[in-house]
Amino acid sequence: MRVHVADHPLITHKLSVLRDRTTPSPTFRALTEELVTLLAYEATRNVRVTATPITTPVAQTMGVAIAKPRPLVVPILRAGLGMLEGMVKLVPTAEVGFLGMARNEVTFEPQTYAERLPDDLSNRQCFVLDPMLATGGTLAAAIDFLFARGAVDVTCVCILGAPEGLAALEAAVGDRDVTIVLGALDERLDENGYIVPGLGDAGDRLYGLAE
């Protein structure tokens with residue numbers, strides 16, 4: 001498993017505003033979209049392309065196009081939806097599927113309640129969107145789901161991660177081709193399984209349900 005923590009002042013700046021508890025939901029959503037576009041640039045570094053001839057105003061040359069089958073972007077509902085627009089702005093030709101997963105707040109185990117994905121993901125590159133890599137259970141379950149349908153490599157894009165979640169995920173994925181792209185790696189999880197210092201519940205803050 002490869003881990004890339006994006007180290008860029010624009011990412012750190014946007015994260016600082018997201019962390020602030022006084023940041024309102026509209027600003028939080030807009031900054032999340034901008035931040036994910038920056039993370040997507042890193043996440044798609046190894047996206048597959050094919051050579052294609054093009055004609056410039058001056059001469060003929062060779063360029064590249066996104067290879068087929070097209071990449072599949074999979075936001076994990078509900079908070080992952082807030083990351084989708086930032087991802088597809090960078091890769092507009094990608095297809096989009098959905099996984100509905102929720103963490104049981106007692107056991108911290110993920111539960112799948114909905115999915116809308118192709119039955120056959122053979123030879124597909126998949127990009128999973130989930131704001132918080134906390135315990136790692138949700139992402140591990142999503143990765144299992146995608147590889148079981150034939151995906152060849154999976155890249156997970158997360159705004160924040162915790163060391164405990166990374167360790168659990170590495171143990172779960174084994175030798176499968178998985179990359180984790182993080183905006184930041186935070187200190188730890190608290191007793192409730194939340195990332196510290198974190199930014200709170202990303203879904204609530206995106207959609208205005210936080211107290």
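Leucine 185 counts as partly exposed because its relative accessibility is 39% (the classes being buried under 20% relative accessible area, exposed over 50% and partly exposed in between, with a 1.4 Å probe and protein chains only). Keep in mind that this is a predicted model, where local features need pLDDT of at least 70 and side-chain atom pairs count only at pLDDT 80 or more, while totals for chains, interfaces and linings use all residues. Residues are numbered from 1 along each chain as its sequence is written, and side-chain values use heavy atoms, with hydrogens and water left out.

**Around leucine 185**

- Leucine 185 sits in strand β11, residues 178-185 (helices, H or I with at least four residues, and strands, E with at least two, are DSSP runs numbered from the N terminus).
- Together with Val3 and Val5, Leu185 makes a nonpolar surface patch of about 210 Å².
- For such patches, residues need over 30% relative accessible area and no salt bridge; like charges are joined within 9 Å, and nonpolar side chains (Val, Leu, Ile, Met, Phe, Trp, Tyr) within 5 Å.
- The areas come from the Shrake-Rupley method with a 1.4 Å probe, and for residues only the protein chains shown count as cover.

**Salt bridges**

- The whole structure has 11 salt bridges (a side-chain nitrogen of Lys or Arg within 4 Å of a carboxyl oxygen of Asp or Glu).
- One of them pairs lysine 14 with glutamate 34, with 2.7 Å between the closest N and O atoms.
- Lysine 14 belongs to helix α1 (residues 9-19) and glutamate 34 to helix α2 (residues 25-43), so this pair ties together parts 20 residues apart in sequence.
- Lysine 14 is buried at 13% relative accessibility, whereas glutamate 34 is partly exposed at 37%.
- Arginine 45 and glutamate 42 also form a salt bridge, their closest N and O atoms being 3.1 Å apart.
- Here arginine 45 is exposed, at 55% relative accessible area, and glutamate 42 is partly exposed, at 23%.
- Aspartate 204 and arginine 78 meet in a salt bridge at 2.5 Å, N to O.
- That pair ties together parts 126 residues apart in sequence, because aspartate 204 lies in helix α6 (residues 202-207) and arginine 78 in the loop between β4 (72-77) and α3 (81-90).
- Both ends are partly exposed: aspartate 204 has 22% relative accessible area and arginine 78 has 33%.

**Helix α5**

- In helix α5 (residues 163-173), the buried residues are Gly165, Leu166, Leu169 and Val173.
- Down the helix axis they fall within an arc of 100 degrees, so they line one face of α5 (the arc being that of the directions from the helix axis to the C-beta atoms).
- Their cover includes β1 (2-5), β9 (132-133), α4 and β11, with contact meaning heavy atoms within 4.5 Å.

- Arginine 149 is in the loop between α4 (137-148) and β10 (153-161).
- Beyond residues up to four places away in sequence, arginine 149 touches Glu115, Leu117, Pro118, Asp119, Asp120, Leu121 and Ser122.
- Glycine 63, in strand β3 (residues 60-66), is buried at 16% relative accessible area.
- Glycine 63 and alanine 51 are 12 residues apart in sequence and 5.8 Å apart in space, C-alpha to C-alpha.
- Leaving out neighbours within four places in sequence, glycine 63 contacts Thr50, Ala51, Thr52 and Ile54.
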